[in-house]
Amino acid sequence: MTPVGLSAPPVSMARQWRALSRAMTRQLLRDPAALFFSVVFPLLMAVFFVVLMQLTWVRGPFDLAVVGPAAQAAALQDALGGGSTAVAVSEAGPQPDKAAVIVPDAASRTLRMAVDPEQPSVVAAVRGALDAAGWKGWEVTAIGSDGSALFDPMAFVIPGVLAFALLSLALTGTASALVAMRASGTLRLLSTTPARRPAVLLSLLPGRGLLALAVLALMGAGAVAGGLLEPASMLRLLLTTAIGLVMLLALGYLLGGLLSSPEVTNAISGLLTPVLLMSTGLLFPLELLPDSVAGPLSWTPLAMFGDALRHDVVGGITRHALWLDWTVMAATAAGLTALAARTFRWDTERAR
């Protein structure tokens, strides 16, 4: 017991931060809404998109050209079925009326495909027919017949779902939590204790960082298993995720410091999330929009986060250099952090 007349020794900020971090992490893990929208719902969306694309992406029939004997072309045609045709050609020249020109490379056991950019799903159809066509154990590489990269729906969706999970963690798991703590008087109470204000605010980060790491591990494991991610790319992907998480959490702190009603915060988060997902190319390709619209939108920080994630995904199509994505994301994170620190309120405004 501290003697009367003597004050208790000050507690270091590091010790305050550790104690508060444990409490804030427990609170986050006990919040069903935060866990659902940050982990469960994005994973359900990933499964939904995978199933949807498996059902709708591979469409035929296809008209193909195969460099090689007629017997091999006939075997591929029988394997594809469904009205698809495959004809033998002597050399890999332009075939404007064909969905793809296939060049078998026996030395590397690889099928090299030049694909009509308007029919990229033929690649998945050929992959599914490899065994029946006599190419068991072969690999498939494909580029557009015009030299462009081909759109791979899975390589597009996985990074978008990861970004969506982190956005939900920032809005539902951070902004809403801060507003609820202010509305209940918890922030005001903490501000009157010996705990320093920076320690209180920073104590929210460890739990959210661990949750983001768990989501990344789940998504990364699924991408590696599906051949969409090389294990060697995980470290760079981790750095991209860390920069993006800081940027999004800064947005969460900004909204959490300005808004005062939990109901309004949840409504804004529910409205803001789909708008951001659809307008930044995270879940729907910007190529579906006119170039005059898609170009400017591709420079938004959230779009560049998705672009940076796709740099490490096999088959991912990107618009900007990775260093440029990182620079814009880091600058946005710094700006939002400074703005959040300047505008953060510890108590609700009283009506005058």
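Author: Start with burial: a residue counts as buried when its relative accessible area is under 20%. Keep in mind that this is a predicted model.

Reader: Which residues of H12 are buried?

Author: They are Leu302, Ala303, Met304, Phe305, Gly306, Asp307, Ala308, Leu309 and Arg310. That makes nine of the 10 residues of H12 (residues 301–310), so the helix is largely enclosed by the rest of the structure.

Reader: What do the buried residues of H12 pack against?

Author: Five helices: H5, H9, H10 (262–279), H11 (291–297) and H13 (322–343).

Reader: How do I read the packing of H5 with H9?

Author: Take the angle and the axis distance together. H5 (residues 153–183) and H9 (residues 234–258) pack at about 30°, with axes 8 Å apart. Angles under 35 degrees count as roughly parallel, and H5 and H9 are therefore roughly parallel to each other. The crossing is right-handed. The residues of this contact divide into 17 nonpolar, five polar and one charged. Among them are Leu162, Leu166 and Arg182 in H5, and Thr241, Leu248 and Gly252 in H9.

Reader: And how do I read a nonpolar core?

Author: In soluble globular proteins, nonpolar side chains tend to be buried together. Here the largest core has 69 residues; Leu167, Leu228, Met247, Leu248, Leu302 and Phe305 touch the most other members. H5 gives the most to this core, with 19 residues.

Reader: Which residues is Leu248 in contact with, leaving aside neighbours within four places in sequence?

Author: Ala163, Leu166, Leu167, Ala170, Leu302 and Phe305. Apart from this core lies another, of 24 residues, including Leu76, Ile102, Leu111 and Val123.

Methods
Residues are numbered from 1 along each chain as its sequence is written. This is a predicted model: local features need pLDDT of at least 70, side-chain atom pairs count only at pLDDT 80 or more; totals for chains, interfaces and linings use all residues. Side-chain values use heavy atoms; hydrogens and water are left out. Axes are lines fitted to C-alpha atoms, for helices over the stretch in contact, and angles run from 0 to 180 degrees between N-to-C directions. Helices (H or I, at least four residues) and strands (E, at least two) are DSSP runs, numbered from the N terminus. Angles under 35 degrees count as roughly parallel, over 145 as roughly antiparallel, 65 to 115 as roughly perpendicular and the rest as oblique. A crossing is left-handed if the near helix is turned anticlockwise from the far one by less than a right angle, and right-handed if clockwise. Contact means heavy atoms within 4.5 Å. Ala, Val, Leu, Ile, Met, Phe, Trp, Tyr, Cys and Pro count as nonpolar, Asp, Glu, Lys and Arg as charged, and the others, Gly among them, as polar. A nonpolar core is a set of buried Ala, Val, Leu, Ile, Met, Phe, Trp, Tyr and Cys residues joined through side-chain atoms within 4.5 Å. Buried means under 20% relative accessible area, exposed over 50%, partly exposed in between (1.4 Å probe, protein chains only).
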